[in-house]
Amino acid sequence: MRILWCALILSLGPACHAAERKPYAFGVLNQRSLQLTATYWNPILSYVSTRSGIPLELHIGRTANETTDKAIAGQLDLAFTNHLFTPKRARLGWRVIARQDSKGIRGQVVVLNDSSIKTLRELNGRPVAFANPYGFAGYYLPMEALMRAGAKVVPLFSGNQEAAMGQLLSGQVAAAGVNNQIMADFARRENITYRVLSESAPYFDLAIMASPHVSQAEGKLIAHTFINIAREPAGQRILQQAAQRLGWDQWRGFAPASNRDYANYQQFFKRTLVPINE
Amino acid sequence: MSDAGLRSMVGISLSKRIQATVFALTLSSYLIGLVLIGLPLREMTVRSLYGEAEREVSALAAALQDHALLRDYPAIEQTLLQRVTGSNIQRASFKMGSVLLDKRAPQQKSRYPDWFARVIAIASPEVRADIHLGGVNYGTVSLVQGAQSAIQNLWTLVVKFTVLIVFGMVLVSCLLRRVLKANLGGLYDLQRAANAFEGANFTVRLPLTENSPPEIQQTKLAFNHMADKLGNLLTTLERKQEDLYNEKERLRVTIESIGDAVVVTDAQGCIEFINPRALELAGLELDEALGRQVADAIPMVNEDSGAAVTSPIELALRRNTVIAIDNHTAIARADGSRVSIRDTAAPIRSPTGQVQGGVLVFQDETERRKLMQRLAWQAERDHLTGLCNRREMENLMTTALRAVHDQARKFIFCYMDLDQFKLVNDTCGHRGGDALLQRLAAILTDRVSAPQHHLARLGGDEFGILFSDTSLSDAITVVQGIRDEIVRFRFEWESQIFRLGVSFGVTEIQTTMRDIGEILSQADTACYHAKSQGGNAIQVYEHTHPALRKITDEMQWVVVITRAFEERRFVLYRQKVVSLNPAISTQHYEVLLRMRSEDGETVAPGELLPAAERYGLAPSFDRWVIRNLLAYLDTHPHDTACYAINLSGRSLSDPAFTDFILDTLNQHNVDPTRLCFEITETAAINNLAECERLILSLKSRGIYFALDDFGKGQSSFGYLQRLPVKYLKIDGEFVRGIDHKPENFAITKAIHTLAHELDKLTIAEQVETETELACIKRLGVDFVQGYLLHAPEPIPMGDGIAYPEPRSARSPQAAAN
């Protein structure tokens with residue numbers, strides 16, 4: 001296997017040597033602020049670019065929707081996202097080449113611990129913050145739960161999940177629809193306690209996807225490089241520093257993934273009550 | 001401050017100097033403050049500017065992070081534009097690869113002057129910042145932070161500071177002016193007061209205000225004290241100046257009006273001042289004298305020799321001492337006349353003793369010297385006759401006596417006394433007497449013409465001749481010639497012709513003589529004797545001559561009488577004056593004086609009285625007798641008789657004698673009508689006027705007078721009209737032998753008849769025989785007196801009456817007084 005990878009690298013040698021080539025636009029779905037996102041991803045992308053010889057350049061939209069629009073518009077070559085699993089976007093041909101090595105994500109409806117709201121129905125008619133109307137864990141999964149619980153809430157979109165959590169913290173909304181992992185990180189960082197009114201089934205977190213015009217080889221090489229970050233000391237230091245910037249307890253590496261690992265996304269979109277925004 | 005700086009401030013008032021100094025200090029402080037504050041402020045501003053630029057670029061980088069991450073260049077451009085708009089950022093740019101976005105702020109006109117920007121020299125800082133996210137450079141932001149605002153702030157600060165300083169200076173200036181006005185007001189008062197003083201207003205004083213500083217107060221106080229003292233000083237000075245002016249005027253007037261001639265010269269002896277008297281004496285006009293040498297203007301000569309005399313002022317200036325000219329100096333005036341002067345010249349010295357001039361003072365001595373000569377002449381001359389007087393004769397005699405002793409020279413002194421001079425004097429008056437004496441002096445001068453002989457008038461009608469180096473016989477020859485000529489001489493006065501008699505006493509000055517008194521005494525004695533010879537006699541004094549011896553003895557009586565007075569050996573006797581008129585029953589006595597000798601014998605009055613009369617003791621006797629008689633009458637009231645007291649001629653001539661009698665009379669209870677004073681005819685005639693006054697004075701008190709020894713002297717019946725006596729006592733010379741001498745009888749009868757015709761009573765003296773008494777009675781004489789009727793007896797004074805002590809043990813006269 002090692003030999004295979006070496007051969008692959010060698011075959012891509014001319015491409016690696018072509019250092020001056022136009023880098024691939026690597027889009028990252030807006031889960032955090034732009035600066036935090038860049039702070040996290042740029043060291044990783046630099047490392048991958050160096051290692052893979054394929055220059056990757058972080059491209060990000062002002063909002064998650066804008067980032068997704070960039071991907072849809074073909075302005076991105078690679079993307080770290082889970083917004084491309086809706087029926088229409090799935091038809092764009094993006095493929096999963098790797099994923100972040102995490103426990104998976106769940107969609108949650110949370111209130112602050114001191115909130116009197118105990119059930120989803122109690123949120124009926126109340127404002128609930130969401131990151132955007134495109135987020136899977138941060139919108140579709142909690143809204144799905146709310147709708148299925150019969151709670152017709154007034155959605156307020158904050159742009160990203162931490163912004164929605166901030167609105168919850170400031171009391172502007174009664175509850176927030178969040179990614180459980182991001183929420184836990186946020187609560188730990190901000191030292192708050194919250195209560196989960198609803199939690200979905202687990203899903204893999206965002207996937208590294210390659211657009212159709214990224215060759216398979218390059219896709220694999222890039223995926224391989226991502227996956228191998230955690231296997232090299234330099235990669236681990238980068239991941240560790242990136243995790244510290246985000247307030248994580250433990251750094252997270254990347255794991256191999258394919259479209260199959262994200263089939264449950266497609267299934268959800270097929271049966272969801274929540275109107276799909278595409 | 002430099003000398004130039006000090007000179008430039010001449011004429012600038014103290015207030016302006018202080019204000020200028022404060023202004024300069026404030027300005028300096030302002031500039032120093034500006035530098036001290038401005039430099040750190042500038043540094044701080046620069047640092048602040050850089051800090052702000054850094055902050056701006058950081059902020060801009062932060063603001064552009066998202067846009068750069070998103071590659072949103074329009075947003076970046078918009079952001080850049082926003083940053084340079086409305087801020088101090090002059091220029092902001094973003095460069096990312098080939099992308100360069102550059103925005104500049106529009107040019108704004110600064111509100112501070114360019115020179116301030118050049119002085120402050122604060123450049124607009126340009127800073128850069130890279131946008132790094134996760135190790136990726138998203139571009140470089142550069143920014144030029146505009147310094148205009150900072151410079152403007154500094155300029156504003158400077159302006160405010162300046163305004164503050166200016167305001168402060170104005171405030172300080174106002175305050176300073178007020179303070180200076182309040183504090184220097186006193187100084188200006190002092191200045192005005194000093195100017196007033198300079199203008200001779202010495203009454204100005206400074207008021208003491210409470211709010212002025214103590215230094216000014218003390219200065220004012222000191223000025224006032226000074227002004228007071230100066231005022232007093234000036235008052236004193238003015239007074240002294242006035243006094244000095246008055247004194248000077250007084251001196252000028254005095255010098256110009258005094259009889260002394262005053263000439264003031266300079267140090268060379270040239271006349272600077274000469275008073276009118278000096279001009280008069282020198283015979284000069286003022287313009288002839290001023291400026292000339294004293295020796296030229298007022299030449300001086302010895303008035304005796306005529307030789308030129310060195311001017312005393314010349315000597316005084318040369319010797320620097322006072323020069324007194326001798327008494328023989330005279331001014332030789334230009335007209336040839338001379339003025340005798342006596343003068344003093346003295347140098348005028350400066351306080352350092354240097355001779356500055358001289359003063360010559362001289363007096364006209366002409367009259368004084370004439371007077372002195374006249375006085376000298378008069379001192380030795382008799383003014384009436386021009387002969388030597390008694391003093392000069394005494395001097396000559398003293399010289400002669402010394403010459404006799406020392407040189408064995410021979411001197412003869414002759415005493416000459418006129419016999420009838422008093423008659424001429426009384427008859428013709430003093431003028432007649434004086435004319436007689438002058439004639440006689442001419443005769444004598446003619447006769448005693450030899451220069452070695454000296455002729456002198458010794459007293460009224462007494463003359464003396466001192467023959468020098470002449471024998472007695474030659475002297476007598478001359479004297480005889482004088483006598484003969486006087487005898488031949490007839491004095492005519494107002495149709496009256498008088499024949500004169502003269503008596504001479506001659507003595508030779510001997511080596512045995514002790515003093516001139518002895519010479520005079522001998523000559524007088526000889527003359528007295530010669531006079532007693534009947535006149536026109538010449539008597540040479542001889543020790544052995546009996547008559548002269550007797551006279552000499554009389555002189556011895558003086559001693560005897562004086563001692564008798566001291567030993568109270570005088571007693572009063574009385575002799576009855578018997579009335580032959582039956583109508584007169586009152587007893588009359590004549591009081592007689594007797595002296596007891598040391599052995600108790602009664603001394604005859606014939607020896608006593610002539611000596612007393614001759615040597616001036618008679619008035620003492622008279623007073624003694626009067627005092628004792630009145631005391632007796634006062635103490636013996638049973639004795640009611642009338643007493644007659646003899647008075648001497650000298651008592652009659654005593655002006656105080658009348659008062660003595662009246663005073664003594666007042667002291668005793670005695671009827672004045674019981675008293676009678678007897679005056680000899682000779683004494684009365686010799687003192688006619690005095691006698692007349694005495695009689696009239698005492699007669700008014702009831703006292704009577706009797707003319708004693710009437711007919712004995714050269715009596716004239718005419719006198720009886722002037723002498724209001726009650727009694728005429730017919731001299732005993734006519735009474736004695738009246739019984740057998742028809743002429744005596746005739747004279748007595750004539751006297752008695754005349755007396756009765758004149759309503760006077762007559763008394764016949766020395767009646768010693770019965771026949772004489774019978775004759776007297778036959779003639780009808782009123783009283784008789786003599787040993788025939790009553791021998792003198794002591795007045796019974798009684799045991800209780802003692803003769804009073806003599807008041808002086810030295811002489812009877814002193815006792816009588």
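This is a predicted model: local features need pLDDT of at least 70, side-chain atom pairs count only at pLDDT 80 or more; totals for chains, interfaces and linings use all residues.
1. Residues are numbered from 1 along each chain as its sequence is written, while chains are lettered from A and ligands numbered from 1 in the order in which they are written.

2. Chain A has 11 helices and 11 strands; chain B has 27 helices and 29 strands. Both are DSSP runs numbered from the N terminus (helices: H or I, at least four residues; strands: E, at least two).

3. On burial (20 or more other C-beta atoms within 10 Å of a residue's own, C-beta atoms being placed from the backbone), 47% of the 278 residues of chain A qualify. For chain B, 34% of 817 residues do.

4. Now the sheet in chain A: five strands, open, mixed pairing, in the order β7-β6-β8-β5-β9. Pairing here takes at least two DSSP bridges between two strands. At the edges sit β7 (154-157) and β9 (194-199) of chain A, each pairing on one side only.

5. Strand β6 (127-130) of chain A runs parallel to β7(A), with 4 bridges. Phe130(A) stands opposite Phe157(A) in β7(A).

6. As for helices, α6 (136-149) of chain A lies across β5 (107-112), β6, β8 (175-179) and β9 of chain A, at about 80° to β5(A). Angles run from 0 to 180 degrees between N-to-C directions, with axes fitted to C-alpha atoms, for helices over the stretch in contact; contact means C-beta atoms, placed from the backbone, within 7 Å.

Technical notes. A residue is buried if 20 or more other C-beta atoms lie within 10 Å of its own, exposed if 12 or fewer, and partly exposed in between; C-beta atoms are placed from the backbone. Two residues are in contact if their C-beta atoms, placed from the backbone, lie within 7 Å.
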